[in-house]
Amino acid sequence: MKNEKECSCGCSCKKKFLMLGGTAIVAALLAFGACKWACCGTKTMVIDFERVQKEATVYKSIIDNQRGYEEKIQAQLGLEAGGLEQEEKSLAAQKGKLSETDFKKKALALQKKAMTLQQKYRAQVQQVLAASQIAASKVQAEVEAVLEEVSHKAGAGVVLNKAVTVRTGKKNDLTDCFIKALNQKVRPVEYPNPETVGQQLKGK
């Protein structure tokens, strides 16, 4: 959850922020592959994509890299937000000493700094998000090929995300086979530098 500190000058200095849902990105990509593919089999099988995210090396690598960048962003954001908080306290202490006009000018300047910090944070978040999407897209074709192979061997005509089912028997669960096959056949890819990704997006 987001946790914000409201300053007396009206700015909102973020102390903590919502970590990106990288697992959701991976799940969406995997689910896309699972839902769009069907073969001549007759069985309906399921895959627990939440487990795949945690246990398949190729996706775990993406998520771990993403979290590493998130933590760096959060640490830097905390430092800068702390600086704004100190400025806010200093300004509050001057309230009776400054003219109303000067106080309002300084308060407005502080608010602008807070807005700039928020914009910077949002841009960095989008860069990390884009980097994860790029990394996942690089292995999408390989993942779909493995899914097709595993499904074909099981005689599955339809493969669903286990999360959308009410009850599934173990014999209809391809999760273990899918994770094992992914770990054997799909190697982790290099995670793009989010800052570089951001520069490339700006250039488009």
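**Cavity and pocket in a predicted model**

Guide: This model is predicted. A search of the whole structure turns up one cavity of 30 Å³ or more.

Visitor: What makes it a cavity?

Guide: A 1.4 Å probe fits there but cannot get out, so the term cavity applies. The space in the largest cavity is about 40 Å³.

Visitor: Which residues line the largest cavity?

Guide: Ile73, Gln76, Leu77, Glu80, Leu117, Lys120, Tyr121 and Gln124 do.

Visitor: How is the lining of the largest cavity divided by class?

Guide: Four residues are nonpolar, two are polar and two are charged. Tyr counts as nonpolar, so Tyr121 falls in that class. Glu and Lys count as charged, so Glu80 and Lys120 make up the charged pair.

Visitor: Which residues line the largest pocket?

Guide: Tyr69, Lys72, Ile73, Gln76, Gln124, Gln127, Val128, Asn193, Pro194 and Glu195. At least two residues come from each of α3, α4 and α6 (194-203). The largest share, four residues, is from α3.

Visitor: What is the class make-up of the lining of the largest pocket?

Guide: Four nonpolar, four polar and two charged residues. Lys and Glu count as charged, so Lys72 and Glu195 are the charged two.

Note on methods: Residues are numbered from 1 along each chain as its sequence is written. This is a predicted model: local features need pLDDT of at least 70, side-chain atom pairs count only at pLDDT 80 or more; totals for chains, interfaces and linings use all residues. Side-chain values use heavy atoms; hydrogens and water are left out. On a 1 Å grid over the protein atoms alone, a cavity is a set of points where a 1.4 Å probe fits but cannot get out, and a pocket is an open set with protein on both sides within 12 Å along at least five of seven lines; lining residues have an atom within 4 Å of a point. Grid points are joined across faces, edges and corners, and a volume is the space filled by probe spheres set on the points.
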